[in-house]
Amino acid sequence: MTDSLFFDNDCLSAFLWVGNENLLVKLYPGRVFIPKQVYVELSAPGVAHLKAKVDSLLNGKQVSLAEIEVGTDMYALYYKLTVEPDAGHLIIGKGEASCIALAKYNNGILASNNLRDISSYISEFGLKHMTTGDILVEALNKGYITETQGNTLWVSMLSKRRKLGEKTFSDFLKSTNR
């Protein structure tokens with residue numbers, strides 16, 4: 001798999017909060033993209049330490065910033081999702097919308113845990129999608145972490161109010177038959 005991954009705040013922050021952003025770089029060298037809108041979200045005063053970690057990754061050229069140009073089809077989709085969604089769809093956040101538009105127009109992968117807001121768009125646009133759990137499974141399968149380490153990371157992420165679905169990584173593995 002060589003597709004670019006476009007990280008929403010919730011998925012990226014899960015790794016930033018627990019100091020394991022290096023796992024993303026190791027798993028997906030040169031493929032991690034942070035939409036400008038997500039970067040802006042990380043600029044909030046309460047999470048300045050997370051933005052500092054992203055700045056370090058950007059300065060080290062380990063991740064890249066992705067922008068949406070005004071006047072493009074990608075921007076039209078982004079605008080629709082954040083301001084004027086089709087009937088039956090709710091307005092979604094700028095971070096989620098930018099990831100969806102970037103993944104759709106770059107044939108990339110949407111990395112987000114926010115299934116409530118994005119699942120209909122994943123289906124509608126036929127997007128490839130990953131969650132924090134999927135990323136940890138890939139790290140486990142590649143031998144970068146053990147199941148015990150995955151459980152430790154999972155509990156740490158939950159303690160930082162990340163929404164992961166299951167109570168433990170082991171439970172996630174069982175629920176997805178991995």
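## A parallel sheet and its helix contacts

Five strands make up an open sheet with parallel pairing, and their order across the sheet is 3-2-1-4-5. The model described here is predicted. Strand 3 (64-66) and strand 5 (128-130) stand at the edges of the sheet. Each of these edge strands has a single partner strand, so one side of each is left without a neighbour in the sheet. On average, neighbouring strands of this sheet are turned by 35 degrees against each other, direction ignored.

### Strand 1 and its surroundings

Strand 1 (residues 5-7) pairs with strand 4 (residues 109-111) in the parallel sense, over three bridges. Within this pairing, Phe7 has Ala111 of strand 4 as its bridge partner. Strands of a sheet pair through backbone hydrogen bonds, either parallel or antiparallel.

Aromatic rings also form pairs in this structure, which holds six aromatic pairs. One of them joins Phe6 and Phe33, with 5.5 Å from centre to centre and 35 degrees between the planes, a tilted arrangement. Phe6 belongs to strand 1 and Phe33 to strand 2 (residues 32-35); the two residues are 27 apart, and the pair links distant parts of the chain.

### Helix packing

Two packed helices are described by the angle between their axes and the distance between the axes.

| Helix pair | Angle | Axis distance |
|---|---|---|
| Helix 6 (residues 94-105) and helix 7 (residues 115-125) | about 15 degrees | 11 Å apart |
| Helix 1 (residues 9-17) and helix 8 (residues 132-141) | about 50 degrees | 10 Å apart |
| Helix 1 and helix 4 (residues 48-59) | roughly 90 degrees | within 10 Å |

By class, the contact of helix 1 with helix 8 has five nonpolar residues, one polar residue and no charged residues.

From helix 1, the residues in contact are Leu12, Ser13, Leu16 and Trp17; from helix 4, they are His49, Leu50, Lys53 and Val54. This contact of helix 1 with helix 4 has five nonpolar, two polar and one charged residues.

Helix 6 and helix 7 pack at about 15 degrees, and they are therefore roughly parallel to each other. Their crossing is right-handed. On the side of helix 6, Glu96, Ile100 and Lys104 make the contact, and on the side of helix 7 Asp117, Ile118, Tyr121 and Phe125 do. By class, the contact of helix 6 with helix 7 has four nonpolar and three charged residues, and no polar ones.

Conventions. Residues are numbered from 1 along each chain as its sequence is written. This is a predicted model: local features need pLDDT of at least 70, side-chain atom pairs count only at pLDDT 80 or more; totals for chains, interfaces and linings use all residues. Side-chain values use heavy atoms; hydrogens and water are left out. Axes are lines fitted to C-alpha atoms, for helices over the stretch in contact, and angles run from 0 to 180 degrees between N-to-C directions. Helices (H or I, at least four residues) and strands (E, at least two) are DSSP runs, numbered from the N terminus. Angles under 35 degrees count as roughly parallel, over 145 as roughly antiparallel, 65 to 115 as roughly perpendicular and the rest as oblique. A crossing is left-handed if the near helix is turned anticlockwise from the far one by less than a right angle, and right-handed if clockwise. Contact means heavy atoms within 4.5 Å. Ala, Val, Leu, Ile, Met, Phe, Trp, Tyr, Cys and Pro count as nonpolar, Asp, Glu, Lys and Arg as charged, and the others, Gly among them, as polar. Two strands pair if DSSP finds at least two bridges between them. Rings of Phe, Tyr and Trp (its six-membered ring) pair if their centres lie within 6.5 Å; planes under 30 degrees apart count as stacked, over 60 as edge-to-face and the rest as tilted.
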